Every structure is written in C-alpha cells, then in structure tokens.
Amino acid sequence: MHAVVLVGGFGTRLRPLTLSTPKPLLPIANVRQLEHLIAHLSTAGVTHVALALGFKPEPFFEAFPDGMCAGVQLHYAVEPEPLDTAGAIAFAARDAGITDTFVVMNGDILCDLDVAALVAFHKAQGAEGTLHLTPVDDPSQYGVVETTADGKVQRFVEKPAPGESESNVVNAGTYVLEPSVIDRIPAGEKISIERVVFPSMVADGTLSAMPTDDYWIDTGRPDTYLKANLDLIDGSRQSILSSIGANAHIDASASITHSVIGEGCVVGAGCVVTDSVLLAGSVLGDRVRVERSMVMGSVSDESSLQDCVIGAGVVIPAGEHLQNARVPDPEQKS
Ligand code: GDD
Ligand code: MG
C-alpha cells in the first residue's frame, strides 16, 4: 500500500528549532520523527511513502540518501510552491502514480493508532475518505469533527471559533483516501483539505471517521514536542523505545522497534528489527528482517529470521528465510 506523508510545512510554531531542521527530521528520543512515523506505517503494510515536500527538501534527501526509510521505499515529491494540504497531497499522489486506496498522514503526528484497522473500517464503510479522530481538551487548535453513531462525518470545522462546535473530538491527521479524492483537487492549485475538500465530501456524504482513545500527539508546538520526547522515555507509549548500545552502526534507513541493539552491532540499509535482541558485535547485512529473535552472529543481505536464536560465529547466508530455528542446532551432537 502507498502512503503520502505531509512534510512541507514551515514548522513556524517550533522556531528556532525548525530554522535549521525541518520539523519531521527533528528527533523524538534520538530517532527522527519521520522514522518513527514511517516505521509505524510499515507495520500496517505500507511499502511506499511519497513525501509531500515543499519548504527545505534538501535535508530530507541527505537524511535518506538511498531513498529508503524504516524498510520503506521513499518517493520525493517536491512542490514548486506551497500548495497547502490538499494541493500537496494531490501533487504527491500524482507524482508517485498512486491509483489505489492510500493512506495520508500529517508529518507531525505520533500515535499508537492501528492503521490497518483504519483501512479495514474505511473499506467496511464503503467511504471515499476516512479520518482518524481523537479526543482533546482544547479543540480550537484542530479540525473539529461531528459524526453520526454509524461513523459518517456530519460536520468538519477547521480551527473553530469559541462556541462554533460542541465536539471535543478532532481530526487526528491520519486519513485513508480513495483515488477519487485526488480528482476533487485541480492540479497546481493551493487548496486546504481541511477547509475545502473535507467539507465538500461531508456535503456529498462520502466522508467517514473512526475515533480511538489510544496515544496521540501533534508534536508541532514546543510543549507537545517536549512531551512527545518524554512520553517515549517514560513508557507512556505502547510502542516502546529501543535501546541502542555504544558504537552500534545503524543505517539511517533501518527500522528498529521495541528491540535491544548491543554494543558495536552493525545494522545495514533497509533492515527491519522488531521485538528482538542483537547481542554485542552481531552484524546484519542490507534489507535483513529480524522478528522476535536473538542474534549473536551475522545475517547476510536479504535474509529473514522469525523466532530464531543465532549463536556466535554463525554466518547466515544471503537470502535465507528461517523460522523457529536455532543455529547451530543445540540438539545436533558434533
Ligand atoms: N507539502 C506541504 N505543503 N505540506 C504542508 C503544507 C504545504 O503547503 N502546509 C502544511 N503542510 C504539512 C505540515 O508540514 C504538517 O505535516 C501537515 O501538513 C499539517 O500542517 P500543520 O501546520 O501541522 O497543521 P495543524 O497541526 O495546525 O492542523 C492539522 O493537524 C491537526 C492534527 O494535529 C489539521 O489537519 C487539523 O485538522 C488537525 O486536527
Ligand atoms: Mg500539526
């Protein structure tokens, strides 16, 4: 599945931090926010991400020089001028050749949403677009959404004036869209999805929404950027931070989730490591997948391990796919 991630804003509210670094490339507990976000999307089956770039695209090219991030293939869509949210989504979707149901995410969101469940809800609704919703204390800074009991959006008001809406449930910045939404947005025009496209979809009765109450934060303000960092290290999140040992070399395009990486380990480009322990000195080649495994030795390019234990000195050859294996096998007497 394809996704478009909006990363072209000016990050005005986070100045001066964003004077030197675009907001999505600022780290949250030492990992760039965009890597957290794309690793999260990859768990829902997203394999291609189009970055909707505007302001300062160069740092993104430098951050991911091989066009991979968290095991996901990147497409850089650079707007000739800021096109606002809808213009940017349509530009990126056209540029990346998206022709099927796709996911959109604001680049400053960190959350524990089950994105696959949002896609399933969207399909069950038969909707043209489906929003993720979250409750907040002060809805005035967000897009406020009113829905029917069966999940249809009745009203969408971006940054409402006080008293304009009773709801404290807001647009959480993750959408599932049909390609027909792109057709609603004329090429090259500066249009807001929140102020123009969503209200017109509400009028047509084609917009649905799914609320959840799991962890959610927009990191775009100084107080929320700080909170997002501290929440990750104090364990408020479901997705727990990985622990990375000294002198470990982890390629910027690798994705490490809920794992312990020992001292001096090497993790190559495009690797995905989940729920695993790499003991000191172990080496992963490029595009290796390691899930629920413990590794002391080396795993060569394009191999995958699920529920495996790999001893010291072992070299798993390239392209090997192992499940429930112990190497060397402790049962085998030599
Ligand atoms: N490429 C591109 N071009 N990206 C843009 C542009 C543009 O012209 N303008 C904004 N963006 C990107 C920002 O970088 C950010 O990732 C995303 O679009 C949303 O912009 P914000 O500036 O962060 O909007 P917001 O936080 O005030 O409101 C949005 O998010 C809320 C949830 O946090 C809206 O979608 C609200 O409805 C929503 O509630
Ligand atoms: Mg924001």
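Is Asp 307 buried, partly exposed or exposed? Asp 307 turns out to be partly exposed, with a relative accessible area of 31% (buried means under 20%, exposed over 50% and partly exposed in between, using a 1.4 Å probe and protein chains only). Keep in mind that this is a predicted model, where local features need pLDDT of at least 70, side-chain atom pairs count only at pLDDT 80 or more, and totals for chains, interfaces and linings use all residues. Residues are numbered from 1 along each chain as its sequence is written, chains are lettered from A and ligands numbered from 1 in the order in which they are written, and side-chain values use heavy atoms, leaving out hydrogens and water.

**Around ligand 1**

- There are 27 residues around ligand 1, and those that come nearest are Glu 79, Glu 158, Asn 171, Glu 194 and Asp 218 (near means that a heavy atom of the residue lies within 4 Å).
- By type, this shell splits into eleven nonpolar, seven polar and nine charged residues (nonpolar covers Ala, Val, Leu, Ile, Met, Phe, Trp, Tyr, Cys and Pro; charged covers Asp, Glu, Lys and Arg; the others, Gly among them, are polar).
- Asp 218 has a polar side-chain atom 2.6 Å from an oxygen atom of ligand 1.
- For Gly 143, a backbone N or O atom sits 3.0 Å from an oxygen atom of ligand 1.
- Taken alone, ligand 1 exposes 740 Å², and the protein buries 90% of that (areas come from the Shrake-Rupley method with a 1.4 Å probe).

**Helix 8**

- Helix 8 runs over residues 222-233 (helices are DSSP runs of H or I with at least four residues, strands are E runs of at least two, and both are numbered from the N terminus).
- The buried residues of helix 8 are Thr 224, Tyr 225, Ala 228, Asn 229, Asp 231 and Leu 232.
- Those residues lie on the same side of helix 8 because they cover an arc of only 165 degrees around the axis (the arc is that of the directions from the helix axis to the C-beta atoms).
- On the face turned away from that buried side, you'll find the exposed residues Leu 226 and Ile 233.

- Most residues other than glycine have a negative phi, and most peptide bonds are trans.
- Asp 307 isn't a glycine, yet its phi is positive, at about 55 degrees.
- You can find Asp 307 in the loop between strand 26 (304-306) and strand 27 (309-310).
- Asn 324 also isn't a glycine and has a positive phi of about 50 degrees, and Asn 324 is exposed, with a relative accessible area of 63%.
- Arg 15 and Pro 16 are joined by a cis peptide bond, with omega about 10 degrees.

Methods. A polar contact is a pair of N or O atoms within 3.5 Å; within protein, one must be able to donate a hydrogen and the other to accept it, and residues adjacent in sequence count only if both atoms are side-chain atoms. The expected span of a helix is 1.5 Å times one less than its number of residues.
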